[in-house]
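Here is a short briefing to read alongside the model. Please keep the viewer open as you go through the points.

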Amino acid sequence: MTRQVGVSGSLGHVHDCFHIAAVEPGRAAGLNIQHYPGVQPADLEEILRKGVDMLVIGRGMSEALQVPPSTVEYVKKQGVDVKVLQTEKAVKEYNNLAGQGAKVGGVFHSTC
């Protein structure tokens, strides 16, 4: 089952909950990640265990969510390709890959 993801504009800045969705084939779940230090390897462990070949990370509409180089390196060491993009671009990339049947997962920050 292919899950299509969509965003349309910013939902507004919320200080306590940063509206991050983790998406993998057939499932979506919310994550609570702060802008800084941002996405950490531990935040991605569950989605990587699902056997994705590609992970797309959306940093937010204004790219406020941090994705440290150490996180990107961790994902690559797991044998998974990773793309870090502005959220609208990340959603398009995720949908394109999922539509091609790729085993892709995504983490999308829907605000800021």
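**Gln66 and the overall picture**

Gln66 is partly exposed, at a relative accessible area of 33% (buried means under 20%, exposed over 50% and partly exposed in between, with a 1.4 Å probe and protein chains only). This is a predicted model, in which local features need pLDDT of at least 70 and side-chain atom pairs count only at pLDDT 80 or more, while totals for chains, interfaces and linings use all residues. Residues are numbered from 1 along each chain as its sequence is written, and side-chain values use heavy atoms, with hydrogens and water left out.

**Confidence**

- The chain has a mean pLDDT of 76, and 66% of its residues reach 70 or more; pLDDT is the predictor's confidence in each residue, from 0 to 100.
- Over residues 6–19 pLDDT stays under 50, and for this stretch the model has 30 contacts beyond four places in sequence (contact means heavy atoms within 4.5 Å).

**Overall layout**

- Three helices and five strands make up the elements of the chain; helices (H or I, at least four residues) and strands (E, at least two) are DSSP runs, numbered from the N terminus.
- Read from the N terminus, the order of elements is β-β-α-β-α-β-α-β.
- The chain has 112 residues, and 44% of them are buried.
- Among contacts with a separation of 6 or more, 74% are between residues 24 or more positions apart.
- The accessible surface of the chain is about 5900 Å², and carbon and sulfur atoms account for 48% of that; the areas come from the Shrake-Rupley method with a 1.4 Å probe, and for residues only the protein chains shown count as cover.

- In helix H1 (residues 41–49), the buried residues are Pro41, Leu44, Ile47 and Leu48.
- Ala42 and Arg49 are exposed, and they sit on the face of H1 turned away from its buried side.

**The loop between S3 and H2**

- Gln66 belongs to the loop between S3 and H2, and its side chain reaches the backbone oxygen of Ala64 at 3.3 Å. This is a polar contact: a pair of N or O atoms within 3.5 Å, where within protein one must be able to donate a hydrogen and the other to accept it, and residues adjacent in sequence count only if both atoms are side-chain atoms.
- Gln66 and Gly38 are 28 residues apart in sequence, yet their C-alpha atoms are 4.3 Å apart in space.
- Arg59 is found in the loop between S3 and H2 too, where its side chain reaches the backbone oxygen of Leu65 at 2.6 Å.
- Arg59 counts as buried because its relative accessible area is 19%.
- Glu63, in the loop between strand S3 (54–58) and H2, has a positive phi of about 60 degrees although it is not a glycine. At 37% relative accessibility, Glu63 is partly exposed.

**Helix H2**

- Thr71 lies in helix H2 and is buried, at 0% relative accessibility.
- The side chain of Thr71 reaches the backbone oxygen of Val39 at 2.6 Å.
- Leaving aside residues up to four places away in sequence, Thr71 touches Val39, Gln40, Pro41 and Leu44.
- Val72 is also in helix H2 (residues 69–77), and it is buried with a relative accessible area of 19%.
- Not counting residues up to four places away in sequence, Val72 touches Val67, Val82 and Val84.

**The aromatic pair**

- The count comes to one aromatic pair, where rings of Phe, Tyr and Trp (its six-membered ring) pair if their centres lie within 6.5 Å, and planes under 30 degrees apart count as stacked, over 60 as edge-to-face and the rest as tilted.
- Tyr94 and Phe108 form this edge-to-face pair, at 5.6 Å centre to centre with 85 degrees between the planes.
- The pair links distant parts of the chain, with Tyr94 in helix H3 (residues 87–99) and Phe108 in strand S5 (residues 104–109), 14 residues apart.
- Tyr94 is buried at 1% relative accessibility, and Phe108 is buried with a relative accessible area of 4%.
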